Amino acid sequence: MNPSSLALPHVAKLHAYTPGLQPSEPGWVKLNTNECPYPPSPRVAAALRREIGEDGVSLRLYPNPKSTPLRAAVAQLHGLREENVCIGNGSDDILNLLVRCFCTQDAAAGFTLPSYSLYPVLVGIQDGTSTIIEFDRTMRLPVERLAASPARVFFLTSPNAPTGVGFANAEIERVLSTYAGLLVVDEAYAPFASENTVSLLARYPNLVIVRTLSKAYALAGIRVGYALADPGVIGLLDRVRDSYNVNRLSQAAALAALEDQAYFETIVARVKATRDRAVRGFAETRGWFTYPSQANFIFTEPKNARGETGPAVAKAAYDFLCSRKVLVRHFPSHALTAPFLRISVGTDQEMQVLNDTLDAWLKAPPNA
Ligand SMILES: Cc1ncc(COP(=O)(O)O)c(C=O)c1O
């Protein structure tokens, strides 16, 4: 008997999420998964050592099931109450919980294309339905279409991925005031943006904000994210989540990182300065169409030595960079993303290597 034939039909048909490559050998300039190029606050390593202790004895014990001290710290950071916060094993965990709570075959989850490609995967796991709103090349928020969406829950990434384009609060507020479902604003990149929607929470109970410590707090490896929402919504997430969804070490590390806001602000400012220089370099110096970025990555349309653009040109640039151990991201499956590369903001030195390698690509004979 083939045990996998017992799987539910929708599970048998699933396609797993494709994460960005994580090469195990050294020597790569890794600009493909929007991690922070700088280490986390030094307080994180100290907190981890403290939590483990001399002999790791504390690891015998389960963690705080609700991540209560972390909820309190997040609430304080955003001027909210603990009841407004749920902590997840990365923000992906929170997104998963939201799909579990609000999406079925009869209740659709909505998202835009392009946006974070995990949403359709989560809907597939749930055997739910989805409804899609396509951007056009301007990447402007289609406010009216969003407000009229029949989705029970709508995932809006702001700043958007992989474009880096941020949406104004005034526009999001127009959606919130008309839309009949739950609007989840995935703010994974909001610390790098000029606006975020936290101030709208008090007025719009249909708003859920999702944040992560993976990017701006340099803690992708520790897997902590959170939801900010109406206490009723938080209560639902708490019913659905694993009872110990965030481990001891992650709770300690996240608390230490949140406590060091001065460090956080310094590295965010550094990433933004490098990003703004990179956007200018691509758009003005190279003359490549590049979206204004409110995130820690840039989305640029490579032009080859003959001045051509398009999916094949982007793929050629990607392959050349890869052959020189510079890793960026190419999303070939959508017409609006296929001619572009998404490049995470690295250190100034890494961005220099990227630029030198692109210069070498432009000088290389075709098909090099
Ligand atoms: C828009 C968006 N949301 C959520 C995540 C996931 O973050 P986490 O590491 O907290 O699961 C990512 C990661 O790349 C992302 O781009």
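How do the axes of helix α2 (residues 42-52) and α9 cross, and within what distance do they come? They come within 8 Å and cross at roughly 145°. Axes here are lines fitted to C-alpha atoms, for helices over the stretch in contact, and angles run from 0 to 180 degrees between N-to-C directions. Helices (H or I, at least four residues) and strands (E, at least two) are DSSP runs, numbered from the N terminus.

The model is predicted: local features need pLDDT of at least 70, side-chain atom pairs count only at pLDDT 80 or more, and totals for chains, interfaces and linings use all residues. Residues are numbered from 1 along each chain as its sequence is written.

The crossing of α2 and α9 is right-handed. A crossing is right-handed if the near helix is turned clockwise from the far one by less than a right angle, and left-handed if anticlockwise. On α2, the contact is made by R43, V44, A47, L48 and E51. On α9, R248, L249, A252, A253, L255, A256, A257 and E259 take part. Residues are in contact if their C-beta atoms, placed from the backbone, lie within 7 Å. This contact divides into 9 nonpolar, no polar and 4 charged residues. Ala, Val, Leu, Ile, Met, Phe, Trp, Tyr, Cys and Pro count as nonpolar, Asp, Glu, Lys and Arg as charged, and the others, Gly among them, as polar.

Helix α9 (residues 248-259) also packs with helix α3 (residues 68-78). Their axes come within 10 Å and cross at roughly 25°. The two helices are therefore roughly parallel, a term for angles under 35 degrees. α3 passes α9 in a left-handed crossing. P69, L70, A73, V74 and L77 of α3 meet Q251, A254, L255 and L258 of α9. The contact residues comprise 8 nonpolar, 1 polar and no charged.

The protein chain is divided into domain 1 (3-30 + 262-363) and domain 2 (42-259). The bounds come from an automatic or database domain assignment. Over C-alpha atoms, the domain centres are separated by 24 Å. Domain 1 gives 23 residues to the contact and domain 2 gives 26. On the domain 1 side, α10 (261-285) and β9 (297-300) each supply at least two residues. The largest share, 5 residues, comes from α10. That side holds 14 nonpolar, 6 polar and 3 charged residues.

The ligand is surrounded by 13 residues, each with its C-beta atom, placed from the backbone, within 6 Å. G90, S91, D92, T212 and S214 are the closest. The shell divides into 4 nonpolar, 7 polar and 2 charged residues.

Definitions and conventions
Parallel < 35°, antiparallel > 145°, perpendicular 65-115°, else oblique. Contact = placed C-beta atoms within 7 Å.
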